[in-house]
Amino acid sequence: MNFEFIFRQHQKMVYNLALQYTQNTEDAEEITQDVFVKISQKIDGFKNESSLKTWIYRIAINTSLDFLKHKNSRKRFLFGLFRDSDAENRQNEPVDFNHPGVVLEQKEEVMKIFSFINMLPNDQKTVVILMKIEGNSQQETAEIMNISQKAVESLFQRAKKNLVQKLNQQKEYEK
């Protein structure tokens, strides 16, 4: 397989997926770079057990989640040094909401929605991103996550319930 062809075909998909996880263009660029380094190192091990796109999605998801885990652990360490009482509520917020697809007027609302999505457990967050933001079908999402379609549906329903709950809590807080 030609790495340059793979890069051209999938760069935008990987970048957009990373951007959905981080809501920050610099972080998404770093993740994209990491993903393609991993692909170049592992391409000989690709066994065609799934589609190339599915395999790349898995690498991109895992790299994005690892990146966020590492970033959040650094934040927790710094917050712990200063004993910020509000730190736990903010650990899932993007440091700098920098998403090119969001116009200025919508930025605050979209930022709020992404902050709620970021509070979801990783598997629920991944299902929401893959199905509702990336536009993958339930079957494609199941293949990418290597789980059953029923599991995808269950994760999505739990994510929806959790998001509604968080939105309602926010509305109560704002009253």
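Which residues do ring pairs link into a cluster? Select Phe3, Phe7 and Phe36: ring pairs join these residues into one cluster. Before going on, note that this is a predicted model, in which local features need pLDDT of at least 70 and side-chain atom pairs count only at pLDDT 80 or more, while totals for chains, interfaces and linings use all residues. Residues are numbered from 1 along each chain as its sequence is written, and side-chain values use heavy atoms, with hydrogens and water left out.

**Aromatic rings**

Rings of Phe, Tyr and Trp (its six-membered ring) pair if their centres lie within 6.5 Å; planes under 30 degrees apart count as stacked, over 60 as edge-to-face and the rest as tilted. By this rule there are four aromatic pairs. Keep Phe7 and Phe36 selected: their ring centres are 4.8 Å apart and their planes stand at 75°, so this pair is edge-to-face. Phe7 sits in helix H1 (residues 3-22) and Phe36 in helix H2 (residues 25-42), so the pair ties together parts that are 29 residues apart in sequence. Helices here are DSSP runs (H or I, at least four residues), numbered from the N terminus.

Now show the surface. Buried means under 20% relative accessible area, exposed over 50%, and partly exposed in between (1.4 Å probe, protein chains only). Phe7, at 29% relative accessibility, counts as partly exposed, and Phe36, at 4%, counts as buried.

Next select Phe46 and Trp55. Their ring centres lie 4.9 Å apart with the planes at 45°, so the pair is tilted. Both Phe46 and Trp55 are buried.

**A threonine in H3**

Select Thr54, which is in helix H3 (residues 52-82). Is Thr54 buried or exposed? Thr54 is buried, with a relative accessible area of 6%. Leaving out residues up to four places away in sequence, Thr54 touches Glu143 and Ile144; contact means heavy atoms within 4.5 Å.

**Helices H6 and H7**

Finally, select helix H6 (residues 122-133) and helix H7 (residues 138-145), which pack at an angle of about 135° with their axes 10 Å apart. Axes are lines fitted to C-alpha atoms, for helices over the stretch in contact, and angles run from 0 to 180 degrees between N-to-C directions. Show the side chains of Asp123, Thr126, Val127, Leu130 and Met131 in H6; they meet Gln138, Thr141, Ile144 and Met145 in H7.

Definitions and conventions
Helices (H or I, at least four residues) and strands (E, at least two) are DSSP runs, numbered from the N terminus.
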